[in-house]
Amino acid sequence: MSAEMKSDLIALLKSIAPEVEESGLQADRPLRDQVDLDSMDWLNFLIAVHEHFRVDIPEADYRLLVTLDDLVAYLSRKRTP
Amino acid sequence: MIEFRLPSLGSDMDQGKLLEWHVKPGDAVKRGQIVAVVDTSKAAVDVEIWQEGTIAQLLTQPGETIPVGTVMATLLAAGEVASTMPVTPVPPVAPALGPAQAPAMPGAAPSSVLPALRKPASPAARKRARELDVDIDSVTGTGPHGAITIDDVEKFARSAIAPVPVPAMRTVQSAPAVSVAAARHAEMRKAIAAAMSRSKREIPHYYLSEAVLMRRAVDWLKRENETRPLIERVLMGALQLKAVALTLKRFPELNGYWRDGGFQPSTVIHIGVAISIRQGGLIAPALHDVDCLALPELMRSLADLVKRARAGSLRSSEMSDATVTVTNLGEQGVDTVHGVIYPPQVALIGFGRVAARPWAEDGALRVAPVTIASLAADHRVSDGHRGALFLAALREQLQHPEEL
């Protein structure tokens, strides 16, 4: 479940930043330290996540979404009511 | 007969390669319509036409590289009779290269800019050359009168990637793509080098900077975004652009062009937005009439512009008509930008990172979000005093985000 979610997230990330290589990403380290994402890229990434997983992401939750692991945990929480 | 010429697509661009036509002879065109896609050293650009009429002849073939100012097509104006159309078909070697309108880049244009005389080549050979990313001018023709054939193109493509004959087909297709990306990157660096060298050589820059308290702007934006769905959220960059545009209305000497030894103020505010390209390099296409756009609209236009800039589908008017530039390097964590003006513009406004900093206020020291706004301006047009007033006005404008 979470492995599938992670690979989906990486695919979405690649749509924004095509140079991303899965092997070079550390899931427990801040994503924006590892990938060159400006705020426009980040917003577009979250919009892609929102559309793909059909979850709403209030701006107040941005601070919870730092690493790939964070995103997986957040999405799992949001999807199991 | 109306002539449609290749427009200038920015001061660092003096030639372009036609990728495709969006119109054919007999088509009626209207102002602002996209008629062709032209590859500059920076991006593939959708070229708009600003005359109305009916396309009579297309004089440039896809794949051809032509200097700015070359007549690419002829049009019939409304009411003009078709009998003025030449009966003879356009030869495949059509466009005469001279006398192109010289780009206004004294000293900056490399001497080898103009391509050599066109070689004859069949349309099929040109098509094959495009498919294989082969520069047709480099191919030696073996056909009648030295015309380039499909065979010549294919032979050239093979020899270009490996001296060993008969390589596997896979190699033939993938190798040129890599070298094209590298060549494109080199071209872009050359274009940036030309524009920036010209800027530093010709424009006497002066630089000012000002710390701007961003508490109100940050709080206001946060409140606004809380109520907006994800896809309608506004970024600080859009807010800053609007603040710059509104402030510029009161400082016309920072908005316009230095041309022919004098300043031409602009009546409109088209902000060039510096956008970094993922593969390296930089492009600064224009957002039009920023002072007139409501913030959500501005945000959508900005998001669209960034997306198209990175995907390489900008319009010709966006490439050439920015009247001032804004760069935001705060994202990478720098405090201050000392900008290089994009000629023939006369000012560049920069924003650093919005960060929590100590801030003295009412006799007390507090921590508040602060950004450093900077101005690089052309001393031929404005002086430090006016520049300082501009930054002070910009600072004040950012204290009233609700007006933006």
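A: Start with strands E17 and E18 of chain B: four bridges join E17(B) to E18(B), residues 347-351, and the two strands run parallel. Keep in mind that this is a predicted model.

Q: Which residue in E18(B) is the bridge partner of B:Val326?

A: B:Val326 has B:Ile349 as its bridge partner in E18(B).

Q: How many bridges join E12(B) to E17(B), and do they run parallel or antiparallel?

A: Strand E12 of chain B, residues 271-273, is joined to E17(B) by three bridges, and these strands run parallel. One pairing to look for is B:Gly272 with B:Thr325, the latter sitting in E17(B).

Q: Why is E17(B) largely enclosed?

A: Strand E17 of chain B covers residues 324-328, and four of those five residues are buried, so the strand is largely enclosed by the rest of the structure. Buried here means under 20% relative accessible area.

Q: Ok, other sheets. What is the strand order in the open sheet of five strands?

A: In chain B the order is E7-E2-E4-E5-E16, and the pairing is mixed. Strand E7 (65-67) and strand E16 (314-315) of chain B are the edge strands, each pairing on one side only.

Q: How do E2(B) and E7(B) run, parallel or antiparallel?

A: They run antiparallel, with three bridges joining E2(B), residues 15-21, to E7(B).

Q: Switching topic. I clicked on B:Arg366. Where is its place?

A: B:Arg366 lies in strand E20 of chain B, which spans residues 364-378.

Q: Why does B:Arg366 count as partly exposed?

A: Because its relative accessibility is 35%, and partly exposed is the range between under 20% for buried and over 50% for exposed.

Q: What does B:Arg366 touch?

A: Leaving out residues up to four places away in sequence, B:Arg366 touches B:Arg357, B:Pro358, B:Trp359 and B:Glu361. With B:Glu361 there is a polar contact between the side chains, at 3.1 Å.

Q: And how far apart are B:Arg366 and B:Ala356?

A: They are 10 residues apart in sequence, and their C-alpha atoms are 9.7 Å apart in space.

Q: What share of the contacts in chain A comes from residues 24 or more positions apart?

A: They account for 51% of the chain A contacts with a separation of 6 or more.

Q: Which three residues supply more than any other three of the area chain A buries?

A: A:Met40, A:Leu43 and A:Glu59 do, with 39% of the area that chain A buries against chain B.

Q: How many salt bridges between chain A and chain B?

A: The count is zero. There are three residue pairs in polar contact between the chains, counting pairs with both residues at pLDDT 80 or more.

Terms used. Residues are numbered from 1 along each chain as its sequence is written. Chains are lettered from A and ligands numbered from 1 in the order in which they are written. This is a predicted model: local features need pLDDT of at least 70, side-chain atom pairs count only at pLDDT 80 or more; totals for chains, interfaces and linings use all residues. Side-chain values use heavy atoms; hydrogens and water are left out. Buried area is the accessible area (1.4 Å probe) that two parts lose on being put together, summed over both. A salt bridge is a side-chain nitrogen of Lys or Arg within 4 Å of a carboxyl oxygen of Asp or Glu. A polar contact is a pair of N or O atoms within 3.5 Å; within protein, one must be able to donate a hydrogen and the other to accept it, and residues adjacent in sequence count only if both atoms are side-chain atoms. Buried means under 20% relative accessible area, exposed over 50%, partly exposed in between (1.4 Å probe, protein chains only). Two strands pair if DSSP finds at least two bridges between them. Contact means heavy atoms within 4.5 Å.
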